[in-house]
Amino acid sequence: MSTGDDRLTNDRAAVPSSPPPAIELHGISKSFGPVQANQNVSMTIAAGDIHGIVGENGAGKSTLMSILYGFYEADQGEIRVAGQSVNIASPDKAIAAGIGMVHQHFMLVDTFTVLENVMMGAESGVLLSGSITAARSELKRLEAEYDLYVDPKAVIEDLPVGELQRVEILKALYRGAKVLILDEPTGVLTPQETEQLFRILKALKAQGGTVILITHKLREIMAITDTVTVMRHGKVVASKTTAETSEAELAELMVGRKIRAELQRTEVAAGAVALRVGHLTVRDAYQVPRVDDVSFEIRAHEIVGVAGVSGNGQSELLEALSGILPVDDGLFEIGGRRITPNAPCDPAQLRALHLAHVPEDRQRLGMVGEFSARESAILGYHNDPLYQAGFMFNQVAIKAKCADLMTQFDVRPPLPEALSANLSGGNQQKLILARELNRAPDVLLVGQPTRGVDIGAIEFIHRQLIELRDRGCAILLVSVELEEIMALSDRILVMFEGRIVAELPAADADERSLGLLMANAAPVETAH
Amino acid sequence: MNTDSRSLPRWIDIGLIPVINIALALIVSGLIITVIGEDPLVAVTVMVKGALGYQEGIGYTLYYATNFIFTGLAVAVAFHAGLFNIGGEGQAYMGGLGVGLVMLGFDAALPIALLLPLGLLASAIFGAAWAAVPAYLQAYRGSHIVITTIMFNFIAAALMVYLMVNVLIQPGQMSPQSREFSMSGHLPFMHEALAWIGIPFARSPLNVSIVWALLCCLGLGAYIWRTRWGYELRAVGHNERAAVYAGVNPRRVIVVTMCISGGLAGFVGLNEVMGVHHRLLLDFTAGYGFTGIAVSLMGRNHPIGVVLASLLFGVLYQGGAELAFEVPAITREMVVTIQGLVILFSGALAYMTAPWVERVYHAVKPRRAPAASEA
């Protein structure tokens with residue numbers, strides 16, 4: 001720790017000839033109601049560095065970057081950009097200061113072309129044509145400089161997620177960003193796309209750009225960053241030179257204790273079929289099949305992982321099996337009930353058949369941000385007689401249940417009255433998992449259980465899922481994290497364009513072969 | 001929806017900011033009154049005295065407030081489900097028609113003890129039915145509820161004119177109104193009710209429906225925040241996809257919520273037809289349905305806030321009428337301007353001052369103990 005600090009202090013007291021640090025943060029504090037998201041955070045990021053910020057969920061990384069990008073205003077503290085103290089009250093101020101941000105959720109207009117998205121908000125003059133020509137030549141220059149090509153005429157909604165990210169990066173560069181913030185950029189990428197992203201980041205660095213990378217994947221930190229800051233509970237706990245630290249040390253700093261690397265799992269013989277899916281087809285509003293003739297079975301004591309680049313029908317599969325989307329063709333069977341297009345079943349009825357669902361998009365599906373944690377903790381089970389007292393809710397029982405769930409799953413802060421939206425992503429996820437797992441379901445559908453969740457919590461969530469499986473639950477796991485799929489699953493299905501293109505025992509899978517199957521680059525093979 | 005004030009404590013959000021807004025509205029009104037050559041302090045005094053200074057004035061203020069509570073609650077409950085019910089006017093009109101039909105049909109046969117619950121039920125059912133059609137169209141056919149509820153106001157008005165002129169008019173009368181109900185079809189006035197328990201009070205249109213209005217506040221508050229139905233209603237309003245995930249049927253919630261909303265608006269008919277006029281007539285809704293939108297906005301869609309906003313609007317209506325009467329230079333139109341300014345500052349510009357208040361609050365806060373932010 002001391003080495004890192006020395007290095008940073010030396011930078012601060014730099015000799016006049018060397019450039020000032022790209023970004024300096026001094027004593028940044030920010031609280032949301034009772035939640036103290038950042039507490040006296042200071043860090044220095046040298047120009048031309050790729051700087052990683054790691055930390056558990058709720059450690060305050062995203063809040064800090066939102067302050068730097070002008071989404072929030074800090075309660076206290078100072079921001080210096082290239083040595084100049086600046087007041088970043090809004091994102092345009094950040095852009096003017098040369099700071100660009102690539103968000104976890106892309107901020108693009110789906111029906112616009114790449115070119116239109118890149119120039120949006122940076123047009124000049126009354127007519128667009130001048131800006132378009134300027135933007136086109138600038139895009140050419142950026143392409144040459146950073147090896148960053150996207151077809152300017154392509155429409156956003158037709159592009160795969162990896163290219164969307166490149167558009168976001170282009171957008172930031174087009175606005176003259178010298179410092180690029182990337183928030184969990186690899187969460188939605190295949191391994192191949194991640195490699196491409198890293199090549200782009202290295203090109204940026206080679207051109208003198210500064211990159212701030214927020215991630216929870218320590219392997220990526222080790223692979224690409226020069227320096228790294230570890231945050232815990234809203235504070236900076238360490239600043240390190242990447243070359244002088246290790247994955248294990250960072251993990252320990254993040255969590256504040258040693259963590260077990262290997263997941264313990266016992267072999268359990270699979271039981272009876274708990275969920276049977278036969279020729280299931282789900283179409284979207286334009287009658288395009290999103291889930292296309294999918295068949296599989298999951299037995300008790302079994303975790304079946306669905307691997308695939310996101311957007312290949314996994315979300316629709318989960319939503320159809322949980323009763324949110326109607327079945328257009330085929331059927332599925334659970335708890336002795338057969339759900340077909342003519343015999344639909346709503347989410348409440350499916351819950352009564354002992355199905356639980358941890359949705360992929362926790363903020364939009366799994367909880368109501370404006371609800372208190374106590375209220376989100378009973379979402380979907382709010383009609384349970386346990387929570388009623390006559391016509392009214394039994395507030396005492398609900399609060400007790402929420403407090404119980406929060407203790408069991410270590411949700412922080414453990415305040416049933418906290419606003420759900422004010423919990424960090426990882427804690428929201430833990431609350432939702434607690435709610436769904438608490439019912440001891442026969443079948444569990446779980447999507448992206450650890451998306452944006454920190455290492456300590458990932459380990460915990462994985463152990464919970466394995467334990468549930470050992471107790472006899474049949475689990476369908478959808479994840480874009482191949483590591484997660486391989487660590488947890490007994491069998492793996494690979495989805496591509498709505499179809500299952502491969503099924504293989506987890507023992508036979510490795511990251512490379514799955515990656516190729518996900519891109520449908522390998523010949524279709526089925527183990528059964 | 002208002003991220004601005006999220007970091008502010010509740011007492012500032014629902015207490016201080018509305019007071020600042022009203023103060024701003026009064027300052028601007030004062031400027032206008034000064035420009036036309038009157039003394040703004042005199043005007044304010046006349047207004048407040050006229051609304052609260054004597055028993056009859058208080059009676060009128062509370063009578064107006066009763067209507068605003070009903071229509072304000074109607075807008076508020078719909079708002080929690082993410083619905084904008086602009087049809088309070090028409091629903092109130094229909095509620096009155098329901099009460100009127102029951103009274104005209106049964107006032108000779110039944111005592112008040114039966115007519116009161118019947119009238120209550122009729123106003124709720126007629127108001128709810130009038131809201132149910134736009135609700136159904138929104139839920140199952142995708143017609144936007146703002147458009148349909150507005151159109152239903154016009155349909156209600158046209159229907160009432162037809163009924164009053166052609167069907168329900170008292171024979172041999174020129175003015176389009178029904179015959180007066182017999183005594184058993186009159187809600188007791190508050191001054192009568194108070195006299196029974198030995199408290200003398202000046203005559204005013206204030207009647208016992210204000211008690212029902214307050215009960216509705218309590219009931220609605222409990223419904224929205226303490227029952228599973230209210231939970232589903234709020235889930236649909238905040239995050240419809242999460243509600244679907246939870247097994248809630250948003251369509252059913254939309255229809256049920258709009259029926260509750262329409263029923264509440266319908267109670268204006270109870271207050272006006274059974275409580276004050278004792279006959280069916282035209283235009284008794286007098287814009288209460290529309291003002292209910294401002295009342296609800298100002299009351300932050302919370303029953304207690306709605307009551308407070310209703311009282312304010314009651315004061316504005318009654319005090320404004322006195323002002324126009326007492327100070328000749330201040331015309332009826334000027335009073336409407338003042339009311340408009342209050343609505344502007346506390347409705348449309350409700351959060352205008354929030355960033356400044358927030359800045360001041362955060363500048364002051366660190367000097368206090370950290371305990372100031374609740375644990």
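**A histidine and its surroundings**

Tutor: A:H354 is partly exposed, because 16 other C-beta atoms lie within 10 Å. (Buried means 20 or more other C-beta atoms within 10 Å of the residue's own, exposed means 12 or fewer, and partly exposed is in between; C-beta atoms are placed from the backbone.) This is a predicted model, where local features need pLDDT of at least 70 and side-chain atom pairs count only at pLDDT 80 or more, while totals for chains, interfaces and linings use all residues. Residues are numbered from 1 along each chain as its sequence is written, and chains are lettered from A and ligands numbered from 1 in the order in which they are written.

A:H354 sits in the loop between α11 and β16 (355–358) of chain A. Helices (H or I, at least four residues) and strands (E, at least two) are DSSP runs, numbered from the N terminus. Most residues other than glycine have a negative phi, and most peptide bonds are trans.

Chain B has a histidine of this kind too: B:H278 has a positive phi of about 60° and isn't a glycine either. You'll find B:H278 in the loop between α11 (250–277) and α12 (288–298) of chain B. B:H278 counts as buried, because 21 other C-beta atoms lie within 10 Å. Back in chain A, the peptide bond joining A:R412 and A:P413 is cis, with omega about -5°. A:P413 belongs to the loop between α14 (395–408) and α15 (425–437) of chain A.

Now zoom out to the domains. Chain A splits into domain 1 (46–69 + 99–255) and domain 2 (273–354 + 440–526), with bounds from an automatic or database domain assignment. Their centres, taken over C-alpha atoms, are 30 Å apart. Where they touch, 15 residues of domain 1 of chain A meet 16 residues of domain 2 of chain A, contact meaning C-beta atoms, placed from the backbone, within 7 Å. On the domain 1 side, α7 (191–206) and α9 (247–255) of chain A each give two or more residues, and α9(A) has the largest share with three.

Chain A also touches chain B, with 26 residues from chain A and 19 residues from chain B in the contact. On the chain A side, α11 (347–352), α12 (362–366) and β18 (392–393) each supply at least two residues. That side has 13 nonpolar, seven polar and six charged residues. (Nonpolar covers Ala, Val, Leu, Ile, Met, Phe, Trp, Tyr, Cys and Pro; charged covers Asp, Glu, Lys and Arg; the others, Gly among them, are polar.)

Finally, the inside. The largest nonpolar core has 257 residues, and A:I181, A:V494 and B:L73 have the most contacts inside it. Such a core is a set of buried Ala, Val, Leu, Ile, Met, Phe, Trp, Tyr and Cys residues joined through C-beta atoms within 7 Å. Look at B:L73: leaving out residues up to four places away in sequence, B:L73 touches B:C216, B:C217, B:L220, B:L264, B:P303 and B:V306.

Definitions and conventions: Contact = placed C-beta atoms within 7 Å.
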